[in-house]
Amino acid sequence: MDMQLDPAGDDLPLMANTSHILVKHYVLDLDVDFESQVIEGTIVLFLEDGDRFKKQNRSVEEACQSESNKGCKLGMPEPCHVPVTNAMTFSSEMEYNDCAICSKGEKDTSDKDGNHDNQEHAAGISSSKRCCDTGNHGSEEFLLVLDCCDLSVLKVEEVDVAAVPGMEKFTRSPELTVVSEELRNQIVRELVTLPANRWREQLDYYARCSQAAGCGELLFDTDTWSLQIRKTGAQTATDFPHAIRIWYKTKPEGRSVTWTSDQSGRPCVYTVGSPVNNRALFPCQEPPVAMSTWQATVRAAASFVVLMSGENSAKPTQLWEGCSSWYYYVTMPMPASTFTIAVGCWTEVKMEPCSSGDSATETPFSPPEADFRHVGVCSHMEYPCRFQNASATTQQIIPHRVFAPVCLTGACQETLLQLIPPCLSAAHSVLGTHPFSRLDVLIVPANFPSLGMASPHIMFLSQSILTGGSHLCGTRLCHEIAHAWFGLALGARDWTEEWLSEGFASHLEDVFWAAAQQLAPHEARKQQELRACLRWRRLQDEMQSSPTEMQVLRPNKDKTGHTSDSGASVIKHGLNPEKIFMQVHYLKGYFLLRFLAERLGDETYFSFLRKFVHAFHGQLILSQDFLQMLLENIPEEKRLELSVENIYQDWLESSGIPKPLQRERRAGAECGLARQVRAEVTKWIRVNRRPRRRKRREREAVFEKLLPDQLVLLLEHLLEQKTLSHRTLQSLQRTYHLQDQDAEVEVDAQAGHSKFPGAEGTSHQEQPTTERPPWPRLSGHRSLFSSRPRGIVPFAKTAVLNSALRVRHRWCELIVKHKFTKAYESVERFLQEDQERPQRDSFIHLLLAWGTGPGHQRRDYVAAKAVSPQPRSSLGASLSQRLVPARHAQKADSHKRGLPPWIWSGAALGFRVLLHR
């Protein structure tokens with residue numbers, strides 16, 4: 001490889017040599033085994049050598065700059081079911097048995113890094129040394145490098161596509177008499193370049209080719225991050241086989257998928273949006289430039305439902321008693337990192353018979369061929385594009401299904417199902433054509449590490465949104481729906497430019513939600529100003545607490561989008577554990593887009609955004625693509641000092657808070673809703689200062705109604721107070737119903753009255769009397785607000801935590817900070833039910849670190865109980881490494897760091913429980 005990697009670094013390597021050869025299509029044929037927690041089977045790769053790709057890429061780039069190029073005459077894909085059976089049955093029995101596949105009762109001797117040990121498997125492999133030895137064979141042989149980790153690769157072979165009946169149509173000869181490597185590659189080249197209106201035929205031939213017998217094993221080797229394949233005598237990518245089959249299986253500890261149980265206690269597995277993306281699910285090319293299509297057949301026990309990124313709403317096919325097969329396909333080229341799968345005992349949630357559900361949820365959209373006609377010019381590579389279909393462009397609500405564990409179906413019916421149609425319609429009203437023809441929504445298990453994740457045709461949502469009322473659920477939906485355009489239909493060519501996905505989704509989230517609520521413009525503006533105020537506070541905290549080098553939105557600067565000669569590259573900080581807690585890309589990206597929208601005016605800005613989407617959908621972009629086109633559309637009088645270079649310098653290539661944003665926040669007056677909150681904070685501070693006993697005729701405090709985001713702001717201001725008495729906290733809890741808080745917090749006139757001093761039975765001993773160090777707030781609450789994009793990929797992901805969870809989080813912080821023991825049950829419920837794993841772990845760090853004092857054993861018990869039923873996370877290892885061995889040294893050094901020694905002894909009980917759970 002022409003790239004040096006630092007094994008101790010935190011960068012994520014992308015090893016695939018995409019400059020030499022590209023995967024154009026994947027055919028997966030997999031079995032899901034919950035007993036062994038393994039997915040195994042085959043994947044067939046259809047390849048195109050780099051020369052042809054570069055020619056196509058140049059033509060696409062030229063098309064982007066030309067206004068006279070013609071649109072492609074494409075047909076819309078309709079659901080089709082290709083009967084794909086197990087590829088194993090198409091190889092001879094002897095050939096299959098010769099592969100080094102461990103039976104269920106056999107020990108897997110793959111090493112800890114996911115590398116297949118050829119010597120240990122020698123007894124089970126036919127000519128294992130010949131197939132897998134990668135000694136010094138010279139540098140003249142071409143090497144196909146795929147991204148791969150945590151997999152047991154068992155066998156690699158060339159597929160004899162020429163043996164498939166009917167393939168002679170892809171050659172210049174009416175019949176295949178002499179079959180050569182060149183002929184097989186010619187067949188694949190013709191197959192992968194079929195015009196888009198023959199997509200059904202293409203999928204059928206892909207399926208048939210994937211089932212063909214092998215025609216020779218290939219040499220392979222694995223290391224920590226890659227699978228390397230070669231064929232003796234193949235010196236160039238053109239000579240290398242263009243259709244290969246890989247036999248492999250995943251590992252239970254593989255980082256791409258999570259094996260767990262759903263909320264009903266039933267087993268399930270799903271792609272979790274790992275930093276390593278999908279390379280531990282199947283060998284693939286991970287760089288975003290390797291855009292491909294796929295089709296997959298997945299077999300599982302008949303009680304399971306298989307959901308996947310696919311254009312068709314798959315139905316199960318019974319293969320034999322107790323086993324079903326599911327088939328999905330995608331015809332729009334996408335990066336392999338966007339592939340998503342979830343297998344579990346999900347239940348489809350449907351509207352109650354009495355309710356009037358939207359017909360789009362019942363009837364798939366499949367217009368007749370006559371309805372296809374040009375609507376505009378597309379510049380992407382050819383595929384069946386919805387932007388070229390007049391009926392699709394007017395479809396406000398695409399077909400959608402909702403799946404959840406059986407215990408959550410009622411909650412989904414009450415909130416989620418009702419909100420999907422208006423949110424989809426709102427998104428269409430702002431950006432136009434939905435890029436994808438359908439949508440599945442799945443409520444994922446409680447250990448999902450974020451609030452949501454968007455992938456092609458499927459969206460994962462946390463159970464937490466179901467307890468947050470329509471506000472939380474609606475804003476989360478809008479954020480993930482926005483990713484259909486920004487993150488999926490338009491992806492970042494360089495994954496370090498994550499703001500192109502998350503910044504846009506965060507900005508559009510507010511716009512979509514206002515449209516879904518049908519708010520008047522002035523009401524929408526007020527809400528958006530308040531949310532901007534909250535995000536401003538987050539950004540300030542984030543800048544103070546995060547490493548400087550990770551605050552930059554375009555860290556590679558002039559080298560953004562560059563790769564090595566082979567196409568390999570690294571993602572800066574892609575494996576840094578801090579990254580999953582960061583919100584910089586969300587917040588700075590959001591404020592940049594808000595700044596630009598205000599400069600242009602909303603009408604001009606969103607008109608441009610629709611134009612931009614139409615120009616670049618189906619393609620990969622860099623920041624400069626967006627900024628250059630934007631500035632070309634800004635009238636000269638509004639452009640002022642705006643330039644691509646200035647925006648790079650002020651917003652994208654500098655750490656800290658951008659200077660234009662600082663000037664704007666200093667000059668801007670506080671919004672009316674925020675001023676109302678400040679008035680309420682003043683009332684609470686006054687109440688907290690009152691003596692416990694007061695005159696009976698003293699006037700009672702009356703509090704105003706608060707919107708969910710206002711309540712978040714109120715609690716944040718109260719967290720800044722040094723002490724709050726327990727009677728104040730109890731009155732606060734009673735006034736805003738914080739013990740069972742959801743997003744629909746509006747304290748009415750009667751509930752808004754609270755009598756002080758508060759709770760009966762509050763003893764003097766419960767009042768905070770000990771002088772403490774400053775409250776160790778999680779600066780920016782990064783860990784509790786950031787939601788995980790798919791790995792480091794801007795292709796799938798989530799945004800800043802919504803108001804309902806922020807309210808519960810802030811309330812729990814107040815409880816722990818002031819040792820309000822009577823409300824510890826709220827903390828326990830918050831950690832167990834609402835918070836996702838990384839956020840929960842960080843809160844527990846905070847919970848345990850607060851030390852001894854009243855209720856410390858109860859607090860440690862709450863923390864331990866909250867994580868004990870969950871799969872092992874990084875928390876135990878982190879505590880063991882950082883706190884337990886060094887506890888005595890830290891205790892001695894604690895005064896130098898401004899922390900009293902009792903912090904460490906107070907957390908000891910919790911550490912012991914956590915580390916030995």
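Visitor: In which sense do strand β5 and β9 pair, and over how many bridges?
Guide: This is a predicted model, in which local features need pLDDT of at least 70 and side-chain atom pairs count only at pLDDT 80 or more, while totals for chains, interfaces and linings use all residues. Residues are numbered from 1 along each chain as its sequence is written, and side-chain values use heavy atoms, with hydrogens and water left out. Strands (E, at least two residues) and helices (H or I, at least four) are DSSP runs numbered from the N terminus, and two strands pair if DSSP finds at least two bridges between them. Strand β5 (residues 151-159) and β9 pair in the antiparallel sense, over seven bridges.

Visitor: Which residue of β9 stands opposite Val-153?
Guide: Strands of a sheet pair through backbone hydrogen bonds, either parallel or antiparallel. For β5 and β9 the sense is antiparallel. Opposite Val-153 stands Tyr-248.

Visitor: Strand β3 also pairs with β9; what is the bridge partner of Leu-45 there?
Guide: Strand β3 (residues 38-49) pairs with β9 in the antiparallel sense over seven bridges. In β9, the partner of Leu-45 is Ile-244.

Visitor: Why is strand β9 largely enclosed by the rest of the structure?
Guide: Buried means under 20% relative accessible area, exposed over 50%, and partly exposed in between (1.4 Å probe, protein chains only). Ala-243, Arg-245, Trp-247 and Lys-249 point one way from β9, while Ile-244, Ile-246, Tyr-248 and Thr-250 point the other way, and all are buried. Strand β9 (residues 243-250) is largely enclosed because the number of its eight residues that are buried is eight.

Visitor: What is the strand order of the open sheet of eight strands?
Guide: The pairing in this sheet is mixed. Its edge strands, each pairing on one side only, are β6 (214-217) and β14 (317-320). Neighbouring strands are turned by 25 degrees against each other on average, direction ignored; axes are lines fitted to C-alpha atoms, for helices over the stretch in contact, and angles run from 0 to 180 degrees between N-to-C directions. The order is β6-β5-β9-β3-β2-β12-β15-β14.

Visitor: What angle does the direction of helix α4 make with that of β3?
Guide: Helix α4 (residues 181-192) packs on the sheet and touches β2, β3, β5, β6 and β9, where contact means heavy atoms within 4.5 Å. Its direction and that of β3 make an angle of about 95 degrees.

Visitor: And what angle does helix α5 make with β15?
Guide: Helix α5 (residues 199-210) packs on the sheet as well, touching β2, β3, β5, β9, β12 (291-301) and β15 (323-335). The angle between the directions of α5 and β15 is about 125 degrees.

Visitor: Which residue of β3 stands opposite Val-23?
Guide: Val-23 lies in strand β2 (residues 21-33). Strands β2 and β3 pair in the antiparallel sense over twelve bridges. The residue opposite Val-23 is Leu-47.

Visitor: What distance separates the C-alpha atoms of Val-23 and Met-291?
Guide: Val-23 is buried, with a relative accessible area of 1%. Leaving aside neighbours within four places in sequence, its contacts include Leu-146, Gln-285, Met-291 and Ser-292. Val-23 and Met-291 are 268 residues apart along the chain, and their C-alpha atoms are separated by 7.8 Å.

Visitor: Which strands are at the edges of the open sheet of four?
Guide: The four strands have the order β10-β11-β16-β13, with antiparallel pairing. The edge strands, each pairing on one side only, are β10 (257-261) and β13 (305-308).

Visitor: Which residue in β16 does Cys-268 stand opposite?
Guide: Strand β11 (residues 267-271) and strand β16 (residues 341-344) pair in the antiparallel sense over three bridges. The residue opposite Cys-268 is Gly-344.

Visitor: Is His-457 buried or exposed?
Guide: His-457 is found in the loop between β20 and β21. Not counting residues up to four places away in sequence, His-457 touches residues including Gly-310, Glu-311, Val-330 and Phe-436. With a relative accessible area of 3%, His-457 is buried.
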